[in-house]
Amino acid sequence: MSNSPIAFLKGHGTENDFVIVPDPDNSIDLPPSLVAKLCDRRAGIGGDGLLHVVRSAEHPEARAAAGTAEWFMDYRNADGSIAEMCGNGVRVFAHYLQRAGLVGEGDLAVATRGGVKRVHIAKTEAGGDITVSMGRALLPGGDVTVSAGAREWPARNVNMGNPHAVAFVDDLDHAGDLFTAPSFSPASAYPKGVNVEFVVDRGPRHVAMRVHERGSGETRSCGTGACAVAVAAARRDGTDPAVTGEPVTYTVDLPGGRLVITEQPDGAVEMTGPAVIVAEGTIAPDWITPAP
């Protein structure tokens, strides 16, 4: 670890918040223990996760994508574990690149462990909406159930580059406090854990949700989760675009704000929502590695 201060920023997308560590040359060591320390809300900067900003050509997991996407979102959960994707994180990541003068308005490709994501940055004021093409949802077969407390629900297995279990419920309070991960079965459906969404209807093509994010607990928002919810709702409602030939749009309300999700007839899922940078500074080296 360098003895120099490390630059950071703090941002959020619909209150799903992140510590941002710019590191174009991939020169900063970020072991899980340090990521967890940075994301600690009492002793650290605080966040649902960490966005490590690296040039794709400089990261072994992203070099193959360097010809398509200059930048790699090396995303970590709040507990330090590695995650495939974060939908709100991609918007904040793109907003940081624009703010730093590394990209302009228009279309941008971002490499992630869940594949290359296409982003459109509108020519708007800071904090304006950003649209991300999240790719196609995968719908693994087999019955899945999730439970919280004494309640149990059937769930739709949706993969948006990371795994989700979507349960439609009568009341969002039935999900409990979500401090601990809801149970799911069968265990074989999600061998690496799962993000669990609890969903209620608010109106035609309008839903609200709460989410327990794998490795982070309940968060104020989850972009991939909102996409998974819209895909599951379209199948439940008989509006699958692959069947109807028409795109379908769902408004998804989350505790931290609102996202608009559109699924195209070819299966492409697009997410639109805000991204905000709220602070920047430096991390003192003696906080990272205290003197013995």
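**Reading the cores and overall build**

User: Which residues touch the most other members of the largest nonpolar core?

Analyst: A nonpolar core is a set of buried Ala, Val, Leu, Ile, Met, Phe, Trp, Tyr and Cys residues joined through side-chain atoms within 4.5 Å. Buried means under 20% relative accessible area, exposed over 50%, partly exposed in between (1.4 Å probe, protein chains only). Here the largest such core has 53 residues, and Met73, Val119 and Ile261 touch the most other members. Helix H3 (residues 223-237) supplies the largest share of this core, nine residues. Another core lies apart from it, with 17 residues, including Val144 and Phe198.

This is a predicted model, where local features need pLDDT of at least 70 and side-chain atom pairs count only at pLDDT 80 or more, while totals for chains, interfaces and linings use all residues. Residues are numbered from 1 along each chain as its sequence is written, and side-chain values use heavy atoms, leaving out hydrogens and water.

User: What is Val119 in contact with, leaving aside neighbours within four places in sequence?

Analyst: Contact means heavy atoms within 4.5 Å. For Val119, the partners include Val90, Leu108 and Ile130.

User: How many helices and strands are there in the protein?

Analyst: Both are DSSP runs, numbered from the N terminus: helices (H or I) need at least four residues, strands (E) at least two. The protein has five helices and 18 strands.

User: What share of the residues is buried?

Analyst: Buried residues make up 51% of the 292 in the protein. As for extent, the C-alpha trace spans about 55 × 40 × 35 Å along its principal axes.
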